[in-house]
Protein chains: 2
Amino acid sequence: MSTVFASVGTTLDGFMAGPNARPGNPLGDGGLTIHRWVFEIDAWRERQGLPGGSGEHNASAELVEENFARTGAYVMGRRMFAEGELGWPDPPPFRAPVFVLTHAPREPWVRQGGTTFHFVTDGPEAALAAAREAAGGKDVQISGGAETVRTCLNAGLVDELEIHLAPILLGSGTRLFDGVDPSVRLTPDRTVATPQVTHIRYRVG
Amino acid sequence: MSTVFASVGTTLDGFMAGPNARPGNPLGDGGLTIHRWVFEIDAWRERQGLPGGSGEHNASAELVEENFARTGAYVMGRRMFAEGELGWPDPPPFRAPVFVLTHAPREPWVRQGGTTFHFVTDGPEAALAAAREAAGGKDVQISGGAETVRTCLNAGLVDELEIHLAPILLGSGTRLFDGVDPSVRLTPDRTVATPQVTHIRYRVG
């Protein structure tokens, strides 16, 4: 059975995005700094069409590689898709089917390199079922954004939550856990630490 | 030169205390769960006058022992003192001088086992200077509460912040980082992980 996991960057004060997040500024003011650790990593740069050889290969890079390798399909919220659609390279970094939660029906959009966006209008459970089917025995990754991760946590649809805890404070913005049911049970089962970021993986439920 | 460090328990959603914190309920509703990991640890139980032998000795226990051993003096906020005064065992767990930030002058209060409470009315810098002097080359620990840790972080008085990140959500309460200047620089330099808690130590500044 596929594991459903979410892999989420937050600040030490709990923000997934800075203040003033909106279309065109999806991570909010200062929000890029949450993900600074990933931008220099070879595995991530290679997927973005940047010169991978120029990136760093460290413990975080191995974790990013592992997440790419285990993922057979993605589930994504519509706002994250709308932003990404404007900015992802061609081929997009997913190289797997991506199931986009939306209210607007749309034909599948086939991109180069193995990424096809499918648009799902009947909710996260249906999207996860389709993603599981498409994943071919691999795992399903919930890409985000914040609202999608929250909805899936509250609905008991997430098996594993990995937090990439950046050692920065933003002071305001969008919090990952605002609106998450406090009765969600989390058990840490792996920590990978570097001077740039602390990766903590939790089993959920 | 002594290192000034704070050692603070928070929930995964960033709370040092639950909602409705007040005299008599200093950790707020559900706040005791933030510190659940420590209650079964031999080193902590021994300091509380509980049967230490009955406690667990794990990676967290070694960290608690290390913190006791390195601390030559403590600085504490007046609310934490007022609560603790009612509940600490005799001898109290500090076994070292404790400098209490207060507005009310009071004679030093000598307790058994090496703990003497000194009352400092001229602010955190004066309290830290006195604690450094008293620490005899050992380190100074800022005990809390939240407001004292925040004040000292914002004043650039903390060298090291250790967070004991409990894998729980409270949803509301007192946040450690509310009101901390986002320009405070933090660099993780040690992580100790157990299934009950993730200890992350940050160098500050």
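A crossover is right-handed if, with the strands pointing away from the viewer, the path from the first strand over the helix to the second runs clockwise. Helices (H or I, at least four residues) and strands (E, at least two) are DSSP runs, numbered from the N terminus.

## Model and numbering

This is a predicted model: local features need pLDDT of at least 70, side-chain atom pairs count only at pLDDT 80 or more, and totals for chains, interfaces and linings use all residues. Residues are numbered from 1 along each chain as its sequence is written, while chains are lettered from A and ligands numbered from 1 in the order in which they are written.

E3(A), helix H4 (residues 78-87) of chain A and E4(A) form a right-handed β-α-β unit. E3 (residues 71-76) runs parallel to E4(A), joined by three bridges. Strands pair if DSSP finds at least two bridges between them. A:Tyr74 has A:Val98 as its bridge partner in E4(A).

E6 (residues 116-120) of chain A is also parallel to E4(A), with five bridges. Here A:Pro97 partners A:Thr116.

## Burial of E4

Five of the five residues of E4 (residues 97-101) of chain A are buried, so this strand is largely enclosed by the rest of the structure. Buried means 20 or more other C-beta atoms within 10 Å of the residue's own, with C-beta atoms placed from the backbone.

In a regular strand, side chains alternate between the two faces of the sheet. On one side of E4(A) lie A:Pro97, A:Phe99 and A:Leu101; on the other, A:Val98 and A:Val100.

## Two chains

Terms used. Buried ≥ 20, exposed ≤ 12 C-beta atoms within 10 Å, placed from the backbone.
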